[in-house]
Amino acid sequence: MGFSRIALTAIVTTISVGLSGCATPKGQLMKLNTSQINLRSMQTRAFDTTDEKKALRSVISTLQDFDFLIDEANRVLGVVSATRRNDWAQITVTVRPRGETQVEVRANLEYNRKGVEDPSIYRKFFTFLEKSMFLTAHEVD
């Protein structure tokens, strides 16, 4: 019983010391959050469909059109991960319901293990995805 109390004290102390090193001034914290919100905005689009299965198929088709190899596709979780080995690019795309009439698609692209923050790249991806979703919705191959 005494051992678990000592272990618990050690864990709490370790966490407290670790968290104290993570403190940032309030101004930096707000700047970081604004940056993250802007990035998330670039990475996310809503589409007027409730068919997540078709949206995932469109995501996979779009990624393949961009020469990505699909590493994993999980329909239950709504996640597709893919890699383009010729230039060390990796992407994870999630599809989830948004309200009653839409799905939300979020793409997170890394190049050489660094997050991509160029809005033009995400715009290009979503433009092609929108076309693919239109074709899939109208069953055009």
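Q: Are H3 and H4 oblique or roughly parallel to each other?
A: Two packed helices are described by the angle between their axes and the distance between the axes. In this predicted model, helix H3 (residues 52-65) and helix H4 (residues 119-137) pack at about 130°. Their axes lie 9 Å apart. H3 and H4 are therefore oblique to each other.

Q: In which hand does H3 pass H4?
A: The crossing is right-handed.

Q: Which residues of H3 and H4 meet?
A: From H3 come Lys54, Ala55, Ser58, Val59, Ser61, Thr62 and Leu63. H4 supplies Phe125, Phe128, Leu129, Ser132, Met133, Thr136 and Ala137. The residues of this contact divide into 8 nonpolar, 5 polar and 1 charged.

Q: Where does Asn112 lie?
A: Look in the loop between strand E5 (102-111) and strand E6 (114-115).

Q: What is Asn112 in contact with, leaving aside neighbours within four places in sequence?
A: Asp87 and Trp88. Asn112 and Asp87 are 25 residues apart in sequence, yet 7.7 Å apart in space, C-alpha to C-alpha.

Q: Which elements have the lowest and the highest mean pLDDT?
A: Start with the chain: its average pLDDT is 84, and 77% of the residues score at least 70. Among the elements, helix H1 (residues 2-20) has the lowest mean, 51. Strand E3 (residues 79-84) has the highest, 98. Over residues 16-21 the pLDDT is below 50.

Methods
Residues are numbered from 1 along each chain as its sequence is written. This is a predicted model: local features need pLDDT of at least 70, side-chain atom pairs count only at pLDDT 80 or more; totals for chains, interfaces and linings use all residues. Side-chain values use heavy atoms; hydrogens and water are left out. pLDDT is the predictor's confidence in each residue, from 0 to 100. Helices (H or I, at least four residues) and strands (E, at least two) are DSSP runs, numbered from the N terminus. Contact means heavy atoms within 4.5 Å. Axes are lines fitted to C-alpha atoms, for helices over the stretch in contact, and angles run from 0 to 180 degrees between N-to-C directions. Angles under 35 degrees count as roughly parallel, over 145 as roughly antiparallel, 65 to 115 as roughly perpendicular and the rest as oblique. A crossing is left-handed if the near helix is turned anticlockwise from the far one by less than a right angle, and right-handed if clockwise. Ala, Val, Leu, Ile, Met, Phe, Trp, Tyr, Cys and Pro count as nonpolar, Asp, Glu, Lys and Arg as charged, and the others, Gly among them, as polar.
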